Amino acid sequence: MIVSPSVLSADFANLQRDVEMLNDSQAQWIHVDVMDGVFVPNISFGIPVTAAIAKHAKKVMDVHLMIVNPDAYIEEFKNAGAEYLTVHYEACTHLHRTVQSIHHHGMKAGVALNPHTPVAVLKDILGDLDLVLIMSVNPGFGGQKFIERTYDKIKALKAMIVEGGYATLIEVDGGVNAENAVLLKEAGADALVAGNYVFKHENPHEAITLIINC
Ligand code: DX5
Ligand code: ZN
């Protein structure tokens, strides 16, 4: 299992320390949650902070844009160190063009789905995607309760990926812990984001390892 700890739950006054903690852990990716206060009812941080994280991160930079009009910032996030760049289905009118632009800038392209958005809407673009991010909470805040319906969405998406013969990864984001990780893996998840579970754990390295070995 790929684990992508979300720095949204890190100590922003000690970001370098927390990124180095992740560098020393078994986590493969580092999840960067960018919020604009328009697409979601919260503001986190943007391009300069993403670049500051990337400067210290030795893990794959997994950037999740919870912003309207992401097309305007694709190049800037590339320059800020993003390797996977994930945009929201609900924020993109011309999603195919957005995905092409992410690829054109040399990044892996992800599309995130809010809890109310069915996986079927991705049918005609799935083969172009490196990653689908299934939101298991409503985006905007860390520490929310996992939505149980997510398992069925993962299974349906996995069936679409297998049927198409695609290499698209399934990532799940929100309310993930070592317990539900087992069921998420069974359902077909390849990567799990964990914010509060990792950073509020008395031993974050252990929390990461528990999810990896789920
Ligand atoms: C929510 C973010 C998540 C969040 C997850 O809007 O996209 O990445 O940090 O946090 P936890 O794991 O605490 O639910
Ligand atoms: Zn996220």
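Mentor: In this predicted model, Leu15, Gln16, Val19, Glu20 and Asn23 of helix H1 meet Val49, Ile53 and His56 of helix H2. Contact means heavy atoms within 4.5 Å. Helices are DSSP runs (H or I, at least four residues), numbered from the N terminus. By class, the H1–H2 contact has four nonpolar residues, three polar and one charged. Here Ala, Val, Leu, Ile, Met, Phe, Trp, Tyr, Cys and Pro count as nonpolar, Asp, Glu, Lys and Arg as charged, and the others, Gly among them, as polar.

Now the geometry. H1 spans residues 15-23 and H2 residues 47-56. Their axes come within 9 Å and cross at roughly 45°. Axes are lines fitted to C-alpha atoms over the stretch in contact, with angles from 0 to 180 degrees between N-to-C directions. That angle makes H1 oblique to H2 (under 35 degrees is roughly parallel, over 145 roughly antiparallel, 65 to 115 roughly perpendicular, the rest oblique). The H1–H2 crossing is right-handed: the near helix is turned clockwise from the far one by less than a right angle.

The axes of H5 (residues 150-164) and H6 (residues 178-187) come within 8 Å and cross at roughly 25°. That makes H5 roughly parallel to H6. The crossing of H5 and H6 is right-handed. From H5, Tyr151, Ile154, Lys155 and Lys158 meet Asn180, Leu183, Leu184 and Ala187 of H6. Five residues of the H5–H6 contact are nonpolar, one is polar and two are charged.

Residues are numbered from 1 along each chain, and chains are lettered from A and ligands numbered from 1, as written. Local features need pLDDT of at least 70, side-chain atom pairs 80 or more, while totals for chains, interfaces and linings use all residues; side-chain values use heavy atoms, without hydrogens or water.

Methods:
Helices (H or I, at least four residues) and strands (E, at least two) are DSSP runs, numbered from the N terminus.
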